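Please examine the sequence and the structure shown below. The paragraphs that follow lead through selected features of the model in turn.

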Amino acid sequence: MMFDDLRIRLRALLKRDAVEHDLDDELHFHLERQVEKLKTTGLSDAEARRRAQLMFGGTDSIKDACRDARGVTLLDHTIQDLRHATRVLWASPGFTIVALLSLALGIGATTAVFTILDAVMLRPLAVSRPDELVVIRALYRNERFVLFNPVYEALRDRQRPLTGMAAMSDAPFLPVSLRRSEAPIYVQGSFVSGGYFGVLGIRPAIGRALSVTDDTPGAPCAAIISHRLWTREFNQSPSVAGQAITAAGTPCAIVGVAPLRFRGHQGGYDVDVWLPLRPFHVDMLDNHQLAFFSGVIGRLPPRVSRADAESQLTALYQSIVAAEPLSAFREGGPRPATADFGIRLLPGAQGLGALRETFDQSMVIVFGVVVAFLLIAAVNVGNLLLARGAARTTELATRAALGAGRGRLLRLLATEGIVLGIAGAALGAMLAWFLTPLLARAVTMQWFTVTLDTSVRPASLMVVAGIVFAVVAVISIVPAWRLSRVELHPSLTGAGRTVGGGQRLARQLIVAQLALSVLLVTVAGLFLRTVASLNAVDPGFEPNHVVMFEVHRETTAPAGTPSEDRQKLVALYRALTERLAGVPGVRAVGLSWLGLFGGSDLWLPVLRPERPEDKHDARIDLVSAPYFRSVGMRLVRGRLFTDGDDDTAPRVAIVNEAFARQRFAGDDALGRVVRPDYARDPQPPYTIVGIVRDSKYNDVRETKTEPMIWVPLAQWPLEIRAITLSTRPGAEAAVAREAAAVVKSVDPTVMIRRSLTLREQVDQTVSREQLLLRLAAGASLLALFLAAVGLYGMLSYSVTRRTHELGLRMALGASQRTVVRMVIRDALLLVIVGTLLGVPLALAGGYSARAFLFGIAPNDSATLILACTSLVLVGLAAAFVPARRASRIEPMIALRYD
Amino acid sequence: MSEEKVELPQGTLDLLILRTLALEPQHGWAIAERLLQISSDVLRVQQGSLYPALHRLERRGWIRARWGTSDNNRRAKFYELTAAGRKQLEVGTRSWRRLVGAVGQVLDAG
């Protein structure tokens, strides 16, 4: 029976003409027989025919009923509506293009932003039951603290609430040779404890996972590689297990390949090689003062509540801390109260949240901006449809008179909106395809290269589909419903002269659009000022035209005596400095232990032998003599380092103004003696010979410069991490290339991890603000454009509709100027109301974005005034053409046309 | 002959059509005429109800249609009962008789 049903429906659909023809024939046959029957009772042919027709009734309604019975009415009507809608849209290309573009932009931008937001904030790790994962964070006085390895191990061994714990140490620059003979390449790696794969519930695609046995010092080194690396370097060969590689200078063997979807435990940080933690950090295992974990995770079984687990773990942590030796805490300071320590369990479904924590606020703002824009776009299209529909009341009335029910009319009007919505969504999807990688590029972290997983997943697809559905509903149903309620009868007698209900809704929508535009323009203005302020900050050094190499020396050579090692390093540094100074375009060569804006924050106690109780901490760096020149730091008093400050000369140091202020307030710091207190490498006293100007260290937003001391590398040689080369303007790229070659030729074990300019390094710290600015600026410009178009459309139709009235006024003596003024007043009224409503919105928006503002208050009046003014100008521009049209109305023609 | 219009409840027409077709395949007009005859002119089926009903029955798979030649040599669409239709006729007739019987009992009771 179902089969017959389907068959008949399909035939009705596909062979519509044949079916209609059949029905015609059938009814005609019936009519003829009826006529014949009547003729047998004696009627004439004409009379019989007349009677038969009367009895028959309206053929058309019979046909309709049959069609209904065939079950294709709905589909028939829908196809009709679609064809009609397409025709109508095709006939007015200007409107259609604007509508499609605004929808495509709105939906595309929203989809792209949501994809990025999902990848950064919502997407769970590709592990089993990610909701059970927790991130274990140590607290001291409710501030984020660190877990040292001995404490972690004690916690792991003695805790009960979690089913497992694992610690990780990420290594963004892990040197690995995948084939023994090859030179090492840098991959993103991670050292993980034995329980890692078990806690996450990962089953390898090939081979086995790392276990506790591998995580023992002295065990043969086992490595897991990522699926991506396996594909790229080994062509997915199944015999990769057992492959001998070298990782971090140690011979290892690949024992397994991670599954395809699993990319690591940190959002955005794709791990290519996993190695066991303990064998590579043997000297840190018992260290109670240096932490090397990127994070600690655990699995909380569903039967245990998070609060319970937290309190149990806190109690355990506190008892472990109580048993710690005094040497674990700050030397000389009072023993901290155990009650100040605690454990907090954070949701770990997305793993460690460094990326999320950095970007979550800005992502939400970006999403808000884009949604506001989408609303504007959707409202715009709905409004335009509404306005156009109002001009079609005659057509609608005719259709109603011909028998179309209200539901039918509703469907007809809604179809236009649906066609637009679906076409706009399709275009928007294509736009999102292009936009998503561009946006992803703006999400960067200082410590590692971010790779976002932007592949489609069902949950995010549903959200996007929901958005599209909502948009389509708004632009199709609302105008349709509005219009179908308008009284259709009066309009048949002439062009409607009064302002209908649809008009009022349209005006309200325009006002809402304008208000949202004020919000967007203000926010964009605030971000513009923020970025300008950030760029205008004097960092205290010269970031322009400085090439920076982030370097690392991979040494496998056995160390000689400490003195020999020191001599070798000093010689290396001298050679590097000389050879690099010879590169054309280089003005000064600086070597440094830590470098600027590198994200490091190392402090040491610096003692004053003459005042033993003064033992403040200070930042420290070890630099070569020309360093200050290479980064353009300015000397205030005294002198900079020279080549004469070497191992044989008296120990000297340079401090910044903050240091001098803090330690020697008022008195002269020059000539004073201080001693950095580093237990692993005890230092003699250093004499301060120079004071440099305060400067920013890691972020241009720093308001307070911390005290800092510099010591010559020649007198305290440690492995450098940064080489800074100040260059001639424009020569940065050439210098970078040549200098890299020079470094390699001087010492091939010095590997360059990153090569960039100091300017780029500084700019990375404001990458979020740049992202926000670009998005807000783009969105606000487009929003203004759309608001202008919407306003123009509305005014235009208004003038068309009021042609009769305006003609009448002019005939009665109103001048052209008066009519123009009327139109402009109409526009200004809308703009002013919209602007007034938009101001509180803009204030709210500025307030919610205040964390990202710099150098400007969220309620900055200049920005607000500028935004409002720009809207007024836009309103006037939109009113220009309609006003001109109004002024050109010829009263005679207007009054005649009815 | 009274012109009192008898209201045919929905579904009853379907049953009558099935019954009419039980004997032999017929076209739409013949069905209408037959119903008129057998019911002594009481059941006058309008074309507006007949043809939609025929199409509905066809969709349900209880009758099937084919084009043929009528007795006056014209091309006409003939309907005939299917096996499922025959079954439906049995079921429908049974429940109709039960309904009539029950209603009659109620009306006849005091």
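**A guided reading of the model**

In chain B, the charged end of R75(B) is placed over the ring of W67(B), at 4.0 Å from the ring centre. The structure that shows this arrangement is a predicted model.

The reader may next turn to the place where the two chains meet. How many residues does the contact take from chain B and from chain A? Chain B contributes 29 residues and chain A contributes 26 residues. Between chain B and chain A an area of about 2400 Å² is buried, and carbon and sulfur atoms give 55% of this area. Within chain B, the residues that lose the most area to chain A are W29(B), Q47(B) and R59(B), which together account for 34% of what that side buries.

Five salt bridges are found across the interface of chain B and chain A. D71(B) and R33(A) meet through their side chains in a salt bridge, with 3.1 Å from N to O. Seven residue pairs across the interface of chain B and chain A are in polar contact, with both residues at pLDDT 80 or more. On the side of chain B that touches chain A, at least two residues each are supplied by α2 (28-38), α3 (47-60) and β3 (75-81) of chain B. The element that gives the most to this side is α3(B), with 10 residues.

Attention now passes to the aromatic residues. Over all chains, the count comes to 21 aromatic pairs. The rings of F262(A) and W274(A) form a stacked pair, because their centres are 5.5 Å apart and their planes stand at 15°, an angle under the limit of 30 degrees for stacking. F262(A) lies in the loop between β8 (250-257) and β9 (273-276) of chain A, whereas W274(A) lies in strand β9 of chain A, so the pair ties together parts that are 12 residues apart in sequence. Both F262(A) and W274(A) are buried.

F628(A) and W710(A) also form an aromatic pair, in this case edge-to-face, with 5.4 Å from centre to centre and 75° between the planes. Since F628(A) lies in helix α17 (residues 627-631) of chain A and W710(A) in strand β20 (residues 708-712) of chain A, the pair ties together parts that are 82 residues apart in sequence. Are these two residues buried or exposed? F628(A) is buried because its relative accessible area is 0%, and W710(A) is buried because its value is 3%; the limit for a buried residue is under 20%. Elsewhere in chain A, one aromatic cluster is formed by Y140(A), F145(A), F148(A), Y317(A) and F341(A).

Which residues of helix α18 of chain A are buried? They are A658(A), F659(A), A660(A), R663(A) and F664(A). These buried residues of α18(A) pack against β14 (603-607), β15 (617-623), β17 (652-656), β18 (673-676), β19 (686-692) and β20 of chain A. After α18(A) comes G666(A), which has a positive phi near 90°.

A positive phi is also present in residues other than glycine. N142(A) is not a glycine, yet its phi is positive, about 65°. N142(A) is placed in the loop between β1 (133-140) and β2 (143-145) of chain A. N142(A) counts as exposed because its relative accessible area is 59%, where the limit is over 50%. Q236(A) likewise has a positive phi, near 55°, in a residue other than glycine. The loop that holds Q236(A) runs between α9 (227-234) and β7 (244-247) of chain A. At 37% relative accessibility, Q236(A) counts as partly exposed.

A polar atom of the side chain of T115(A) lies 2.7 Å from the backbone oxygen of T111(A). Leaving aside residues up to four places away in sequence, T115(A) touches T436(A) and T454(A). T115(A) and S455(A) are 340 residues apart in sequence, but 8.5 Å apart in space from C-alpha to C-alpha.

Terms used. Residues numbered from 1 in each chain as written. Chains lettered and ligands numbered in written order. Predicted model: local features only at pLDDT ≥ 70, side-chain atom pairs only at ≥ 80, totals over all residues. Heavy atoms only, no water. Helix = DSSP H or I, 4+ residues; strand = E, 2+ residues; numbered from the N terminus. Buried < 20%, exposed > 50% of the residue type's maximum accessible area, 1.4 Å probe, protein only. Phe/Tyr/Trp six-rings, centres within 6.5 Å; stacked < 30°, edge-to-face > 60°. Lys NZ or Arg CZ within 6 Å of the ring centre and 35° of its normal. Contact = heavy atoms within 4.5 Å. Buried area = accessible area lost by both parts, 1.4 Å probe. Salt bridge = Lys/Arg side-chain N within 4 Å of Asp/Glu carboxyl O. Polar contact = N/O pair within 3.5 Å; in protein donor to acceptor, adjacent residues only side chain to side chain.
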